[in-house]
Amino acid sequence: MNPTLRTPGPENHAAIRRVHLEAFPTAAEADLVERLRLDGDAAIELVADRAGDVIGHVMLSRMRAAFPALGLGPVGILAAHRGQGVADRLIRKALRRAREGGWRAVFVLGDPAYYCRFGFRAELAAGFDCAWSGPYLMALPLEGTMPATTGRIDYAPAFAELG
């Protein structure tokens with residue numbers, strides 16, 4: 001049975017925290033999700049719900065850039081539900097929502113072998129100055145081409161606590 005993908009409500013926040021606590025080795029990502037919400041930087045948030053249980057979560061947060069941009073992450077899936085395409089479906093739906101919302105690009109810091117399947121490319125982010133610059137910073141244009149190829153980009157302030 002495929003999970004339902006939906007926007008979470010406050011009643012799901014504890015379940016989302018549990019997903020990230022299980023998905024990552026520390027509480028940093030779970031804390032990041034809460035801080036992004038508190039700061040008003042969470043732009044798009046989705047959960048995967050199977051029979052009333054939250055089994056996965058994705059968040060896109062506002063970035064500071066010369067164009068409307070979002071940062072993808074964190075993405076977390078409960079261990080028992082990994083390898084079933086849940087993260088793939090969450091990410092694709094979140095990217096569709098970003099496109100529909102008029103955002104111009106999404107950046108992600110992660111494994112190129114995984115994120116290239118969604119169209120993210122390190123070379124598209126290479127010209128940007130960012131605290132996270134390097135081979136794991138990738139960009140995805142949402143309207144065909146990047147609105148700029150150089151400049152300063154910054155993740156929401158909550159990400160600085162991950163450094």
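Colleagues, the model before you is predicted, so local features need pLDDT of at least 70 and side-chain atom pairs count only at pLDDT 80 or more, while totals for chains, interfaces and linings use all residues. Residues are numbered from 1 along each chain as its sequence is written, and side-chain values use heavy atoms, with hydrogens and water left out.

I begin with the backbone. The peptide bond from G73 to P74 is cis, with omega near 5°. P74 is part of strand β4, residues 69-77; strands here are DSSP runs of E, at least two residues, numbered from the N terminus.

Next, consider A51. This residue is not a glycine, yet its phi is positive, about 55°. A51 sits in the loop between β2 (42-50) and β3 (53-62). Is A51 buried or exposed? A51 counts as exposed, at 66% relative accessibility. Exposed means over 50% relative accessible area, buried under 20%, and partly exposed in between, with a 1.4 Å probe and protein chains only.

I turn now to the aromatic rings. The structure holds seven aromatic pairs. Rings of Phe, Tyr and Trp (its six-membered ring) pair if their centres lie within 6.5 Å; planes under 30 degrees apart count as stacked, over 60 as edge-to-face and the rest as tilted. The F107 and F128 rings form an edge-to-face pair, because their planes stand at 85°, with centres 5.4 Å apart. Since F107 belongs to strand β5 (residues 105-109) and F128 to strand β6 (residues 128-129), the pair ties together parts 21 residues apart in sequence. F107 is buried at 0%, and F128 is buried at 4%. Finally, ring pairs join Y114, Y115, F118 and F120 into a cluster.

Notes. Helices (H or I, at least four residues) and strands (E, at least two) are DSSP runs, numbered from the N terminus.
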